[in-house]
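Here is a set of questions and answers on a chain and its partner. Look over the sequence and model first.

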Amino acid sequence: MANKTAVNEHHGFPWKHLIGFVLSIVLTLFALWVALGTDLSLTWILIIIFGFAFLQAALQLLMFMHVTENSTKSNLTSRVQIGNILFAAFVAIVIVIGSVWVMTAGHAKHDKHDEPKTENQENHGEHESH
Amino acid sequence: MAHTETHDPNTPLEYRSEIGRLNILGFWIFLGAEIALFATLFATYMVLTHRIADGPALGELFEVKSLLIQTFLLLTSSFTCGLAVHEMRRQNVKGLITWMAITLGLGLGFLYFEIQEFLHFIHEGANIGTSAAWSGFFVLVGTHGAHVTFGIFWVTMVLIQVAKRGLTPATSAKVFITSLYWHFLDVVWIFIFTAVYLMGMVMHHG
């Protein structure tokens with residue numbers, strides 16, 4: 001059986017969807033403003049815009065995708081759904097942050113045999129990020 | 001067996017058959033794998049984002065207007081897709097088909113602007129082989145676009161089935177699963193919006 005949220009939800013006005021929609025628009029525009037319209041440091045911009053992205057992803061999952069909904073009387077299905085998505089998010093974060101760290105943290109300690117051309121590109125990349 | 005089960009009359013149709021429940025749960029597991037798939041593409045893109053060789057920088061070509069149009073089309077389509085499922089749960093087939101058709105229209109609009117943007121980038125000298133950064137960009141964003149394209153065909157076929165057979169436990173589970181897929185594509189886009197476009201523009205201008 002569906003849990004109470006599902007039961008109440010399919011009657012009347014879809015407030016949950018409307019609130020989710022409005023919030024996602026607000027978060028999108030606010031992220032754009034933080035990224036392009038403020039003088040915050042790069043680190044803060046990244047923290048804020050990625051914070052908003054995860055918040056907005058959570059909104060989609062909760063407001064639109066009904067991730068907490070159960071198809072059986074026990075809470076088993078919602079627990080499996082939420083657990084699986086959280087684990088996938090963990091895997092995603094490890095893959096992305098891990099890869100970026102592995103491929104960029106060692107930049108200063110390059111093999112001396114590297115061609116100068118690669119070094120130039122390196123500097124260019126460094127320059128870009130400031 | 002499934003037919004003898006007793007149900008709370010409020011249980012949504014898509015959860016009433018065993019196969020419907022299992023398919024929905026299974027689709028959530030599939031979405032977990034999709035998250036991992038996109039994570040690898042995001043990782044590749046973010047590692048290579050400064051490797052622009054002789055081509056233009058990513059942030060140099062990104063345009064706020066085109067980005068916002070695409071983002072709002074997809075965000076709105078996710079909302080209308082949610083409304084379609086809401087109508088389905090009220091047994092309103094007409095409402096379901098109407099909102100899903102609007103969703104598909106917005107999805108097509110998204111694809112149109114995405115293709116226009118890709119053509120613009122290629123015109124400006126940034127194609128899939130220009131540099132590692134642009135390869136990473138086109139593979140990541142293109143994979144998302146391919147998912148949207150597939151979603152449009154899939155939703156269309158499920159809607160044809162609903163129009164023919166009406167709302168049954170089988171068809172409503174299919175609609176619900178396609179809705180999960182569609183919302184998921186919006187979730188992926190949020191991260192493309194942030195990690196590709198916003199970051200690209202911040203790094204270029206900042």
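Chain A exposes about 7,800 Å², and carbon and sulfur atoms supply 71% of it (Shrake-Rupley accessible area, 1.4 Å probe; for residues, only the protein chains shown count as cover). This is a predicted model: local features need pLDDT of at least 70, side-chain atom pairs count only at pLDDT 80 or more, and totals for chains, interfaces and linings use all residues. Residues are numbered from 1 along each chain as its sequence is written, chains are lettered from A and ligands numbered from 1 in the order in which they are written, and side-chain values use heavy atoms, with hydrogens and water left out.

Q: What pattern does chain A follow along the sequence?
A: Helices are DSSP runs of H or I, at least four residues; strands are runs of E, at least two; both are numbered from the N terminus. Chain A has five helices and zero strands. Its pattern reads α-α-α-α-α.

Q: How much area do chain B and chain A bury between them?
A: Buried area is the accessible area (1.4 Å probe) that two parts lose on being put together, summed over both. Carbon and sulfur atoms hold 75% of it here. The total is about 5,200 Å².

Q: Which residue of chain A forms a salt bridge with Arg89(B)?
A: A salt bridge needs a side-chain nitrogen of Lys or Arg within 4 Å of a carboxyl oxygen of Asp or Glu. Across this interface the rule finds one. The closest N and O atoms are 2.8 Å apart, and the partner of Arg89(B) is Glu69(A).
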